[in-house]
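Morning, everyone. Today I want to talk about aromatic rings and the core around them. Here is the structure.

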Amino acid sequence: KMGQEAAYLNYYIEHFTTMFAYDGIKNIEYCRRIQQLAQNNNSPEYITVYDFKSKEGREAFYQHNIFTGARKDWEETGKPVMDLQWAACYDSVKILER
């Protein structure tokens, strides 16, 4: 939410670090948008990207208690500082690493 960037970053670091208790996640990236994604100028300012180890790891994540048990944290801390606008899932076609 506008004006809540510092509060959200604090929430993000604490909340998303706990998600590494789920072994299926490779990394979680918090990104600031540098270009509009929607033509109606309603793109989110920041995007969180989860990188899973496998398709099976991604699918199992949504059933795991690290995800299902995060509701209280979301209600008490995340929701006051973040507008959850939309989400997308995708499969990587090719990843190049240095």
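**Aromatic rings and the core**

Tyr12 and Phe16 are both buried, meaning under 20% relative accessible area, with exposed over 50% and partly exposed in between (1.4 Å probe, protein chains only). This is a predicted model: local features need pLDDT of at least 70, side-chain atom pairs count only at pLDDT 80 or more, and totals for chains, interfaces and linings use all residues. Residues are numbered from 1 along each chain as its sequence is written, and side-chain values use heavy atoms, with hydrogens and water left out.

Where do Tyr12 and Phe16 lie? Both are in helix H1 (residues 5–18), four residues apart, about one turn of the helix. Helices (H or I, at least four residues) and strands (E, at least two) are DSSP runs, numbered from the N terminus.

Now the rings. The whole structure holds twelve aromatic pairs. Rings of Phe, Tyr and Trp (its six-membered ring) pair if their centres lie within 6.5 Å; planes under 30 degrees apart are stacked, over 60 edge-to-face, the rest tilted.

Take Tyr11 and Phe16: centres 6.4 Å apart, planes at 75°, so edge-to-face. Tyr12 and Phe16 have centres 4.7 Å apart and planes at 40°, so that pair is tilted. Phe16 has 7% relative accessibility, so it counts as buried. Tyr11, at 5%, is buried too.

Beyond neighbours within four places in sequence, what is Phe16 in contact with (heavy atoms within 4.5 Å)? Tyr8, Tyr11, Ile28, Thr48 and Tyr50.

Finally, ring pairs link a cluster whose members include Tyr8, Tyr11, Tyr12, Phe16 and Tyr50.

Note on methods: Contact = heavy atoms within 4.5 Å.
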